[in-house]
Amino acid sequence: MEEACSLPLPDAFIDFLKENGLDPSIYSAIDSIPRYIRIKPGSESELLGIEDEIKCKLEKVHWLPGFYAIAPHIQIASSDAYRQGKIYGMDAASGAAIVALKASRGDHVLDLCTAPGAKLCMLSDLLGDSGSLTGVDVARHRLTACRTMLQKYALGDRCRLFVADGTSFSLLPLRAHIDESAKNISGMPASIETADTFAEWTPRRPWKERKKAMKERNGSHLASADAEPELMFYGRHSGVVGLSKSKLFQTGCGDVAGYDKVLVDAECTHDGSFRHIQKFEQWGWRTLQQRVLDAQRTDTLTDLQLHLLTNGFRLLKVGGTLVYSTCSLTVGQNEDVVERFLSRNPSAEVQEIDAAKNWPCKSGRIPKTLRFDPLTSKTSGLFIAKLKKLAT
């Protein structure tokens, strides 16, 4: 090997990086990249106590509010602060993607590829006690982890989670019913539920539902494109409580009834996530060929990414904003996908990310798009494109 890296990268992976115009030296910075945590709003006064507990100084990330850097070897999972939902791990570049979306109070937001859940939690924090958040993931077990995070951090009040294929998901936000249910829910007995309406969510589901879930777990863990979305969780003020089941599954195109903001953090080869690449030391470098380097898999992924982006944009209302991101550094999964999408969607316009003026990142090959990488940003690799839906 020509490059000195902190990982024993195989020649095939180095060739893959070079073929995609990437400098293998980005992986030489792995050991110096900090871990990042986000402090739940309201817990900032406990910083000193958190530092004492994890035995590590929290370095404020000045370009990203609420984020702190810690030494890369520090583990937070056993700390009281983590168990009590005051902190959670999230790479700063991922946080930047959420900031780029500019979700604000009252927005109805769709997170189309929501697992593993950190972005979902940050979005819920930003919305507070207004608007709504819809999380979608094709894998039931990954969405179960998202549900656990929302409950742990007490952030699920206005959220609903669906097991569904993001390329075909078509459910609209429950705008009017969210406001109405917020007024009436305090007087609604939790035990009342007819065959046609939803009562308050409980982890204790009827035997028929549990039997169906067990059967599904024994089969495929992934939702199919033609399957009806499965509602896995809904908060008290998500608009679902008291709603008829036929009303919940209304579908439509993205217009005035669509989502204000859509996040498409698409499935990718994860080659920009140095912690993901590190795992191949345990998994075996041979698996890298199948998961990252295989050309057929990459072609399948770029088609999936384009379909996710297209469907997310379809569900966006006119004037709304969509952020497309991946933790791949390849042009094929980023700029090429965006350019293919733009060529087919004249109502889409790439937008400047105002907050990025002081961010430690580079410009992408498409003007106004951004790239984070370990050397430049001291974060994992991430591509971000912000799109607006124009009136036609």
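**Close-up views of a predicted model**

**Figure 1. Ala-154 counts as exposed, at 61% relative accessibility.** This view, like the others, is taken from a predicted model. Ala-154 lies in the loop that runs between α6 (140-152) and β7 (159-163). Its phi is positive, about 50 degrees, although the residue is not a glycine. Most residues other than glycine have a negative phi. With a relative accessibility of 61%, over the 50% cut-off, Ala-154 is therefore classed as exposed.

**Figure 2. Lys-378 has a positive phi in the loop between α15 (374-377) and β14 (382-389).** The phi value is near 60 degrees, in a residue other than glycine. Buried or exposed, or in between: where does Lys-378 fall? With a relative accessible area of 36%, Lys-378 is partly exposed, because that class covers values between 20% and 50%.

**Figure 3. A cis peptide bond joins Ala-115 and Pro-116.** Omega of this bond is about 10 degrees. Most peptide bonds are trans. Pro-116 belongs to the loop between β5 (108-111) and α5 (118-127).

**Figure 4. Helix α5 is largely enclosed by the rest of the structure.** This is concluded because nine of the 10 residues of α5 are buried. Which residues of α5 are buried? They are Ala-118, Lys-119, Leu-120, Cys-121, Met-122, Leu-123, Ser-124, Asp-125 and Leu-127. An α-helix has 3.6 residues a turn, so residues three or four places apart point the same way. The helix is followed by Gly-128, which has a positive phi near 60 degrees.

**Figure 5. Phe-313 and Phe-341 form an edge-to-face ring pair.** A search of the whole structure finds 10 aromatic pairs. In the pair shown here, the ring centres of Phe-313 and Phe-341 are 5.2 Å apart and the planes stand at 75 degrees, which means edge-to-face, since the angle is over 60 degrees. Phe-313 sits in helix α13 (residues 295-314) and Phe-341 in helix α14 (residues 335-344), and the pair links distant parts of the chain, 28 residues apart. Both Phe-313 and Phe-341 are buried. Lys-389 lies over the face of Phe-313, at 5.2 Å from the ring centre.

**Figure 6. Trp-359 and Phe-372 form a tilted aromatic pair.** The centre-to-centre distance is 6.0 Å, with 45 degrees between the planes. Trp-359 is in the loop between β11 (348-350) and β12 (362-363), whereas Phe-372 is in strand β13 (residues 370-372), so the pair ties together parts that are 13 residues apart in sequence. Trp-359 is buried, with a relative accessible area of 7%. Phe-372 is also buried, with a relative accessible area of 0%. Ring pairs link Trp-359 and Phe-372 with Trp-63 into a cluster.

**Figure 7. Lys-245 lies over the face of Phe-198.** The distance from the ring centre is 5.2 Å.

**Figure 8. Arg-365 is exposed, with a relative accessible area of 59%.** This residue is found in the loop between β12 and β13. Which residues does Arg-365 touch, not counting those up to four places away in sequence? The contacts are with Val-331 and Glu-335. Arg-365 and Glu-335 are 30 residues apart along the chain, and their C-alpha atoms are separated by 6.6 Å.

**Figure 9. The whole protein has 15 helices and 14 strands.** Of its 392 residues, 53% are buried. The accessible surface comes to about 18000 Å², and 51% of this belongs to carbon and sulfur atoms. Among contacts between residues at least 6 apart in sequence, 74% join residues at least 24 apart.

Figure 10. The protein averages a pLDDT of 85, and 84% of the residues score at least 70.

Technical notes:
Residues numbered from 1 in each chain as written. Predicted model: local features only at pLDDT ≥ 70, side-chain atom pairs only at ≥ 80, totals over all residues. Heavy atoms only, no water. Phe/Tyr/Trp six-rings, centres within 6.5 Å; stacked < 30°, edge-to-face > 60°. Helix = DSSP H or I, 4+ residues; strand = E, 2+ residues; numbered from the N terminus. Buried < 20%, exposed > 50% of the residue type's maximum accessible area, 1.4 Å probe, protein only. Lys NZ or Arg CZ within 6 Å of the ring centre and 35° of its normal. pLDDT = per-residue confidence, 0-100. Contact = heavy atoms within 4.5 Å. Areas by Shrake-Rupley, 256 points an atom, 1.4 Å probe, with all protein chains shown as cover.
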